Amino acid sequence: MTRGTAERPLRVAVVGAGPAGFYVAEHLLRRGDLVADVDLFDRLPTPYGLVRAGVAPDHQKIKFVTSAFDKVAAHPRFRFFGGVELGKDVSVDDLRSHYDQIVYTTGAQTDRRMGIPGEDLPGSHPATEFVAWYNGHPDYRDLQFDLSQERVAVVGVGNVAVDVARVLCRTPEELAKTDIADHALEALRHSRVREVYLLGRRGAAQAAFTNPEVKELGELEAADVAVVPGEVELDPLSRQALERSGDRAGAKKVQILQSYAHRPPTGKPRRLTLRFLVSPVALLDTGAGGVGAIRLVKNRLTASATGAIQAQPTDQFEELPVGLVFRSVGYRGVPLPGVPFDDKWGVVLNEKGRVLDPETKQPRPGEYTAGWIKRGPTGVIGTNKPDAAETVTAMLEDAAAGRTLEPVEPEPDAAERLVRQRQPLYVSYPDWLRLDELEVARGRASGRPRVKFTRVDEMLAALGNRRRP
Amino acid sequence: MNIASILATKGDKVVTILAEQTIREALGVLAQHNIGALVVVDDARRPVGMLSERDIVRWAARNEAVFPLLVSQLMTRDLILGAPGDDLGSVGSTMVTRRIRHLPVVDGGKLVGMVSIGDVVKAQRDQFQGEVDTLQTIVMERGH
C-alpha cells in the first residue's frame, strides 16, 4: 500500500533531537503532497541537541533558532519521545517493527584526540566536556575542572575553542546574565584563571572563527586581548589565496587580528593571547602530577596540490607553562548499536543520506541519516537544513518506489505503547514545554534567560514523576 | 568545510580502472555507474591517471576504432591529488582555474575517494545557504 497518504501516512522515526533531527521533521511535515507521522527520539529528556548543550550561554541570540523548532513540534503529526535511548530502551529492530523509515541524526559526540604524549594527564580535557558541563548537560554536570590554575591553553581556533576561551575570560557578573548552568557559574566565580592561550596550528588567515567572533574577543570586559606580532603577519601564500578568492571578510579578519598586535594592555585582570602557527607536540608533567606545560612546535605554511594551505612543523620548539588544557581539534561520530559505521570518516556509512550495508555497499531499505553523523562535524546550525533536505529527498524517492521497511505494527499507538513499556517516564513535547516554562520562570527572578535543570531526575520530579500506565 | 565532508556521504565508493584495461571496458564501467570519470590505478590502487568521458570523446572524434585502445593511451597523466583535509575554498578555485572536473583524493598514499566540481559547488552552496538561514532565523525569531 502506498505510504504517505491520509489513509496510510508515512511513519518515520528520527533518532536525535538536535537541529538535523528537527530539520528532517520539518521537511517531512511541511510538504503539501505527503502525509507523514514523525516521532522524534532523544536519549535526553530535553530537545535541541547542541543548541541547548553546545552553543555558548553568552550567545543567546543563536539559541533563538529553537523557536523555529518549536513550530515544527507544534504540528499535529509530530511527537517527541524524550529520555528514550537507542540501544538501551529501544533497539533498531524495535523501530523496524513500528516505522516505515528510520533516520539517525545523533551528531558527532566525541572529540578527536591529539595523539600526543601526556594527552591524558590530569588537567587535560576535551573542550566539548567543558562546554557540556557549563551548559548543564546531565551526563557532564558532575565533572570537575581545576579552575585554581592561573594559566590555561585551549588547543584549536574553531567555534568551540573560541567559546571556551571567551567563557573562561568572562566575569561572574557577565555570566550571571546568561543561562550558564548554576554549578558552572559557581565554579567560575572562584576561577583563578588569568592567562588564556588559544592555539592555532595554521595562520591568522586560515582560522575558522568569524569576524564578529574575533571582534568580540577584543571587547571583553575583563580581559585584554593579545597576539604575537610575527604570527599575524600575512605570509605570501595566504595573501595570494585571499586575493585569488576575493575573500574580503578573510582579509578583514587578518586586519582585526593585526590591530591587536598594537594594543597596549589596559590592565584588565585577565589576558587572552591568540597564538598562530603552533602545534602541541606533548603535554608535560612538571612535577605536580598533572599538566604543567605544553610543548609546542612552530609551524610554517605550505600549499598542497589543490592550493589548500597546510601547517608544516619546523625544528623550533617552545614550552608554554599551563596548568589546564582544553583540546578542541575536531569531533567524531559515535557508532550506534545495530547501525553500519564508516570508521574512516567517523559517520554512519551512507550515500547521500541512505544508510549502506557494509558488505554490499547497497542501501539498507528504510534507514537514513542526516546532520553531523552523516557528513562529519562541519558547518553552522543552518547547514543541516539543506543536508536534511537531501536525505528527505532520498526518503521520498524510496517511499514512492515502495522501498520502505515493512513494520508489523505501524499504528502510532503501537509505537507509543512500546515506548511507554520501555521508558514509562518518557518526556513528551508538552512535557518539555512545561519544563521550559519552569526553567524560564526560575531565571526570571534573577534576570536570567532561564535556570536550567541539569539532572534527569530533577526534570522528571519537576514534571511530577508521572508514569504513563 | 573540507573534502572529507563530501567523501563522508559517498558511501566509501570510488570507481577505478586499471591502465591496461580497454576503453570498451572503461565505457562499460562509466555506463554501469552512470558517472563521467574514472580514477586509473595501478595494482596497489595508487592513482596513476584520470580517464573522463571527454578524453574518450576527443579520441573518438578522430579515431572511430577507439574501443580496443588501452586506458593508458587515453588517460590524463597530469594528476592533481586532493587530501581529505583540503578546504573547499582552495579546492574549488584550483579546480576552476585548472579546469579540473574530477579530483582523486588520497590519504597516506592510498586512494580514498574522488570529488567532482559539482560536489564542491553543492557543498559550498549548502554552506552559504546554511549561514544565511541561521542568520535569518536569528533575526526573525528575536522579537518573540
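This is a predicted model: local features need pLDDT of at least 70, side-chain atom pairs count only at pLDDT 80 or more; totals for chains, interfaces and linings use all residues.
Q: What radius of gyration does chain B have?
A: The radius is taken over C-alpha atoms, and the globule rule is 2.2 Å times the number of residues to the power 0.38. The C-alpha atoms of chain B fill a box of roughly 70 × 35 × 30 Å along the principal axes. A compact globule of 144 residues would come out near 15 Å, but chain B has 18 Å.

Q: And what is the radius of gyration of chain A?
A: Chain A has 16 helices and 20 strands. For its 469 residues the globule rule gives 23 Å, and the value for chain A is close to that, so chain A is as compact as a globular protein of that length: 24 Å.

Q: What share of the residues of chain A count as buried?
A: Buried here takes 20 or more other C-beta atoms within 10 Å of the residue's own, with 12 or fewer making it exposed and anything in between partly exposed; C-beta atoms are placed from the backbone. In chain B, 36% of the 144 residues count as buried. For the 469 residues of chain A, the share is 49%.

Q: Which helix of chain B gives the most to the side that touches chain A?
A: Going by contacts (C-beta atoms, placed from the backbone, within 7 Å), the two chains meet through 35 residues from chain B and 38 residues from chain A. On the chain B side, the elements giving two or more residues are helix 1 (3–7), helix 5 (88–97) and helix 6 (117–141). The top giver, with 10 residues, is helix 6.

Q: How do helix 1 and helix 13 of chain A lie to each other?
A: Helix 1 (residues 19–29) and helix 13 (residues 384–400) of chain A have axes, lines fitted to C-alpha atoms over the stretch in contact, that come within 8 Å and cross at roughly 50°. Among the residues that meet are A:Tyr23 in helix 1 and A:Ala388 in helix 13. Angles between N-to-C directions run from 0 to 180 degrees; under 35 is roughly parallel, over 145 roughly antiparallel, 65 to 115 roughly perpendicular and the rest oblique. Helix 1 and helix 13 of chain A are therefore oblique.

Methods. Residues are numbered from 1 along each chain as its sequence is written. Chains are lettered from A and ligands numbered from 1 in the order in which they are written. Helices (H or I, at least four residues) and strands (E, at least two) are DSSP runs, numbered from the N terminus.
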